[in-house]
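Please look at the sequence and the model first.

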Amino acid sequence: MAVDHYENFPVASLLLPRRLVPAVQAIYAFARGADDVADEGDATPAQRLAALAEYEAALVHIELGAPPPGPVFLRLAATVAEHALPLKPFHDLLSAFRQDVTVTRYQSYGELLDYCRRSANPVGILMLHLYGAATPDNVRDSDAICTALQLINFWQDVAVDQQKERIYVPMEDLARFAISPAHLHDPAAHGKWRALMRFEVERTRAMMLSGAPLAWRLPGRIGLELRLVVHGGLRILEAIEEVDYDVFRRRPVLRRTDWLKVFWRALRPLPLE
């Protein structure tokens, strides 16, 4: 189900154990709804923040063991209780969504990583808890994979985000390659942009590969699911390279032949480079 921050959220995956489908759907409904509050429609920033505060209040109800208002939150409360899920990842997601309302630029790579820590990594942490595999080593590698996926989405959607008046490429990186934020798509800056995107792609690939051992360490369906996710992200990076980093005119997407390649790679040994 391909939507914004959750391109690889396995809501309807055939590989997802049927016993976990209701739990994953409940988590997704919470995250998707809150993300829409932050990003969709014509609400004012104040209205968006007020609506997100209602999501935060629902988490407090769940934490206190009191019935939260609304079916989405009731389903989430049941899921949290059944699987003993931590609530911090949900709070982190809401923190990132509130930031979406007020922040449209990131000065440093560190600031961007902090945003990814709260906008992307919680999904992987929750999935590990559902599978009973949330060990420190697994969480570390999951964080690397999830952050890399979020960054890949940013590099893939530079043009889309620019239309929303958002820039996720760190300002320090734009300055390093002498690119003005106001002229990202200027043909005259293509050479500089190509160098910048090569830098971002290579850095993101290294991050993905640092976490990739998790996908070969986890057994069964979850391992195969995650290997498809890892190779899907790596394939998008390849697609960005194949269009010579011109994501403004040719947004990279994975087609049927790409997914066949991804599936084949997922059946092979751990990629080393």
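The notes below cover a pocket, a cavity and a pair of helices.

This is a predicted model, in which local features need pLDDT of at least 70 and side-chain atom pairs count only at pLDDT 80 or more, while totals for chains, interfaces and linings use all residues. Residues are numbered from 1 along each chain as its sequence is written, and side-chain values use heavy atoms, leaving out hydrogens and water.

**Second largest pocket**
- The second largest pocket holds about 200 Å³ of space, a pocket being an open set of points on a 1 Å grid over the protein atoms alone, with protein on both sides within 12 Å along at least five of seven lines.
- Its lining (residues with an atom within 4 Å of a point) includes Asp-39, Arg-48, Asp-100 and Lys-164, and it divides into four nonpolar, one polar and seven charged residues.
- Domain 1 (15–102) and domain 2 (104–272) each give at least three residues to this lining, the bounds coming from an automatic or database domain assignment.

**Second largest cavity**
- Two cavities of 30 Å³ or more are counted, a cavity being a set of points where a 1.4 Å probe fits but cannot get out.
- The second largest cavity, with a volume of about 40 Å³, is lined by residues including Phe-154, Asp-161, Arg-166 and Leu-184.

**Helix pair**
- The axes of helix 4 and helix 6 (residues 121–130) come within 9 Å and cross at roughly 165 degrees, which makes helix 4 roughly antiparallel to helix 6 (angles over 145 degrees count as such).

Methods
Points joined across faces, edges and corners; volume = space filled by probe spheres on them. Nonpolar A, V, L, I, M, F, W, Y, C, P; charged D, E, K, R; others polar. Axes fitted to C-alpha atoms, helices over the stretch in contact; angles between N-to-C directions. Helix = DSSP H or I, 4+ residues; strand = E, 2+ residues; numbered from the N terminus. Parallel < 35°, antiparallel > 145°, perpendicular 65-115°, else oblique.
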